Amino acid sequence: SPAQIISEPTGICFSDLVAWGGTFERLFEFIQKWVLEYKQDFPAVVGKLSFLGITQRTKNSPNTWRWQQNASWVKEHPKLTVKNVSIPVELWDYLGNRQAKVAKTNYPERWGGHEIVSPPREDGNLKALKQAYQIYSLGIEQKREFAEKLASTQEFKDAWLRSLVNELKRSA
């Protein structure tokens, strides 16, 4: 809810594969209407939101087209945090178009619909869920190993590193 967004200490970051930014725009408009409907503090909500676009890597130059630079809703709200991470085109295409999905595409017309509430159980979705779990488990294992390696260094005597290692172990 808008009140929950405001009370979130670290804010909320939405991330998505972005071609043109239309989904983020519709999401932002939805949140804006929601905030007005609940008579909440819209600037406070905006200050808690960030958007991370996963984009296709292109030539980096001052003339490169960037979706957020052309989005009026971003320009109208300069306190919004909007960043991009560019990845190779082949990876972007795989993630967005060819990778098996754990859920149905949640495009704006489905938001709030009953069909999106229940996860699909088709073979492709179950394979994707298994793969996601394997990747997650591997990440947890690697995080633990990284924490152990850090703990074995001479610098482990420093409080900041001990704190980092403890945080890594807690989150793993």
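Rings of Phe, Tyr and Trp, the last by its six-membered ring, pair if their centres lie within 6.5 Å. Planes under 30 degrees apart count as stacked, over 60 as edge-to-face, and the rest as tilted. By this rule, this predicted model holds 11 aromatic pairs.

Take W34 and Y38. Their ring centres are 6.4 Å apart and their planes meet at 85°, so the pair is edge-to-face. The angle decides the class, because edge-to-face begins over 60 degrees. What of their exposure? W34 is partly exposed, with a relative accessible area of 27%. Y38 is partly exposed too, and its relative accessibility is 48%.

Other aromatic residues gather in a group. F14, F24, F28, F42, F51, W67 and W73 form one aromatic cluster. Keep F28, F51 and W73 in mind.

These three residues return in the largest nonpolar core. That core has 18 residues. F28, L49, F51, W73 and L80 are the ones with the most contacts inside it. Which elements give two or more residues to this core? They are helix 2 (22–37), helix 3 (42–48), strand 2 and helix 4 (72–75). Helix 2 gives the largest share, with 5 residues.

Now follow the strands. Strand 1 covers residues 12–17 and strand 2 covers residues 49–56. The two pair in the parallel sense over 6 bridges. I12 stands opposite L49 in strand 2. L49 is also one of the core residues with the most contacts. Strand 2 pairs with strand 3 (residues 81–87) as well, again in the parallel sense, over 7 bridges. Here G53 stands opposite N84 in strand 3.

Turn next to the surface. V102, L126 and L129 form a nonpolar patch there. Together they have about 230 Å² of accessible area. V102 lies in the loop between helix 5 (89–98) and helix 6 (123–151). At 39% relative accessibility, V102 counts as partly exposed.

Is H114 buried or exposed? H114 counts as exposed, because its relative accessibility is 70% and the class begins over 50%. Finally, compare H114 with P9. The two are 105 residues apart along the chain. Their C-alpha atoms are separated by 31 Å.

Technical notes:
Residues numbered from 1 in each chain as written. Predicted model: local features only at pLDDT ≥ 70, side-chain atom pairs only at ≥ 80, totals over all residues. Heavy atoms only, no water. Buried < 20%, exposed > 50% of the residue type's maximum accessible area, 1.4 Å probe, protein only. Pairing = 2+ DSSP bridges. Helix = DSSP H or I, 4+ residues; strand = E, 2+ residues; numbered from the N terminus. Patch = residues over 30% accessible without salt bridge, like charges linked within 9 Å, V, L, I, M, F, W, Y side chains within 5 Å. Areas by Shrake-Rupley, 256 points an atom, 1.4 Å probe, with all protein chains shown as cover. Salt bridge = Lys/Arg side-chain N within 4 Å of Asp/Glu carboxyl O. Core = buried A, V, L, I, M, F, W, Y, C linked by side-chain atoms within 4.5 Å.
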